[in-house]
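Dear colleague,

Please find below the structure that I am handing over to you. My notes on it follow directly after.

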Amino acid sequence: MKSVFITGGTTGIGLELARAYMSKGWRVGVCGRELNKFEENFGKGSHNITFYQVDVSDRDGMKSSILSFSQGDGLDLVIANAGISHKSKTKVPDFDWSYRMVHVNLLGVMYTFEAALDLMIPRGKGHLVAISSIAGYNGLPGVSAYSATKAAVIKYCESLHLDLRQFNINVTSICPGFVETPLTARNPHSMPFIIKAPKAAELIVKAIEKKKMTYSFPFILSGIVRVLSIIPRTWYRTFMNIKSFNYSKD
Ligand SMILES: NC(=O)c1ccc[n+]([C@@H]2O[C@H](COP(=O)([O-])OP(=O)(O)OC[C@H]3O[C@@H](n4cnc5c(N)ncnc54)[C@H](OP(=O)(O)O)[C@@H]3O)[C@@H](O)[C@H]2O)c1
């Protein structure tokens, strides 16, 4: 039986990924900080799914959770999905919260990958996946730390994709646009091309199966964002100063 460990697998995209892999017959491990979020969706768990109460910014906790999940059956795939966003999009950052984003969105991915690689390298196979964001393609106004952590994750995965091939280990970064989840539910602004979480999970699973190095969706929004990332920065600045594209508040 194949096995996958998904961080933040109790709500939103992670929850739908857990459901998708369970329906494929995989053994699934998920983690999060709150047990009640898991129990709301999976009851007390079953032989197919196990919950680990751990914060991804806890390096030792991630090591012991992933090690415990893999005992006996190994680990085929890890998805570093847990992430947090800005509480509100302000021009002056909330620095405490920005540092927290670095711990969760960036170090959380590294701790997850480190724990998984301890198991995958000796076995000579495995797949590491991180959920980044299309917000990582450009420095977006109002979400400086979020954009920065997601950009770092894209580049981190790109490097690892090259480095880990020799161990037969794949690395993929996934860059979603807007997805309907508790994370986006509190956004007061419009979210163009927003999609439902089960659809997002379906697209992500396909991209993982194809072993893509990076995958962005939905198509039109990710195309716009990619174009914005390669145009001269003066044009980018002009574009982002248009009020309807700039969600940052004083
Ligand atoms: N929704 C979107 O539009 C969108 C777009 C692009 C990228 N993404 C990325 O996709 C990922 C999932 O987002 P989502 O929208 O599904 O968010 P979500 O619904 O808020 O779910 C986040 C999950 O992560 C867990 N989590 C949060 N902080 C954690 C921590 N420190 N340690 C362990 N688990 C933690 C949460 O459980 P607990 O609270 O119990 O810990 C929950 O299971 C994030 O990395 C996000 O940046 C989302």
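Lys-211 is located in the loop that links α7 and β9, where helices (H or I, at least four residues) and strands (E, at least two) are DSSP runs numbered from the N terminus. Although Lys-211 is not a glycine, its phi is positive, at about 55 degrees. With 49% relative accessibility, Lys-211 counts as partly exposed; buried means under 20% relative accessible area, exposed over 50%, and partly exposed in between (1.4 Å probe, protein chains only).

Before I continue, two remarks on conventions. The model is predicted, so that local features need pLDDT of at least 70 and side-chain atom pairs count only at pLDDT 80 or more, while totals for chains, interfaces and linings use all residues. Residues are numbered from 1 along each chain as its sequence is written, and side-chain values use heavy atoms, with hydrogens and water left out.

Further backbone features

Phe-193 also has a positive phi, near 60 degrees, and is a residue other than glycine. Phe-193 belongs to the loop between α6 and β8 (195–196) and is partly exposed, at a relative accessible area of 41%. The peptide bond that leads from Phe-217 to Pro-218 is cis, its omega being near -5 degrees. Pro-218 sits in the loop between β9 (214–217) and α8 (219–230).

The ligand site

There are 32 residues around the ligand, and Thr-10, Arg-33, Lys-37, Tyr-146 and Thr-181 come nearest; a residue is near a molecule or strand if one of its heavy atoms lies within 4 Å of it. By class, this shell consists of 13 nonpolar, 13 polar and six charged residues. In that scheme Ala, Val, Leu, Ile, Met, Phe, Trp, Tyr, Cys and Pro count as nonpolar, Asp, Glu, Lys and Arg as charged, and the others, Gly among them, as polar. The helices α1 (12–23), α4 (95–123), α5 (144–163) and α6 (182–185) each contribute at least two residues to the shell, and the largest share, three residues, comes from α6.

Salt bridges

A search of the whole structure returns 13 salt bridges, each being a side-chain nitrogen of Lys or Arg within 4 Å of a carboxyl oxygen of Asp or Glu. One of them joins Lys-24 to Glu-209, with the closest N and O atoms 2.7 Å apart. Because Lys-24 lies in the loop between α1 and β2 (27–32) and Glu-209 in helix α7 (residues 197–209), the pair ties together parts that are 185 residues apart in sequence. Lys-24 is partly exposed, at 43% relative accessibility.

Lys-37, already named at the ligand, forms a salt bridge with Glu-34, the closest N and O atoms being 4.0 Å apart. Both partners are partly exposed, Lys-37 with a relative accessible area of 27% and Glu-34 at 36%. Another salt bridge connects Lys-44 and Glu-39 (3.4 Å, N to O); Lys-44 is exposed, at 74%, whereas Glu-39 is partly exposed, at 29%.

Cysteines and buried positions

The structure holds zero disulfides, a disulfide being a pair of cysteine sulfur atoms within 2.5 Å. For Cys-31, the nearest cysteine sulfur is that of Cys-157, 16 Å away. The sulfur of Cys-175 lies 8.6 Å from its closest cysteine sulfur, in Cys-157, which is too far for a bond. Cys-31 is buried, with a relative accessible area of 1%, and so is Cys-175, with 0%.

His-127, in strand β5 (residues 126–131), is buried at 7% relative accessibility. The His-127 side chain makes a polar contact of 2.8 Å with the side chain of Thr-172. A polar contact is a pair of N or O atoms within 3.5 Å; within protein, one must be able to donate a hydrogen and the other to accept it, and residues adjacent in sequence count only if both atoms are side-chain atoms. Ile-208, in helix α7, is buried with a relative accessible area of 5%.

With kind regards
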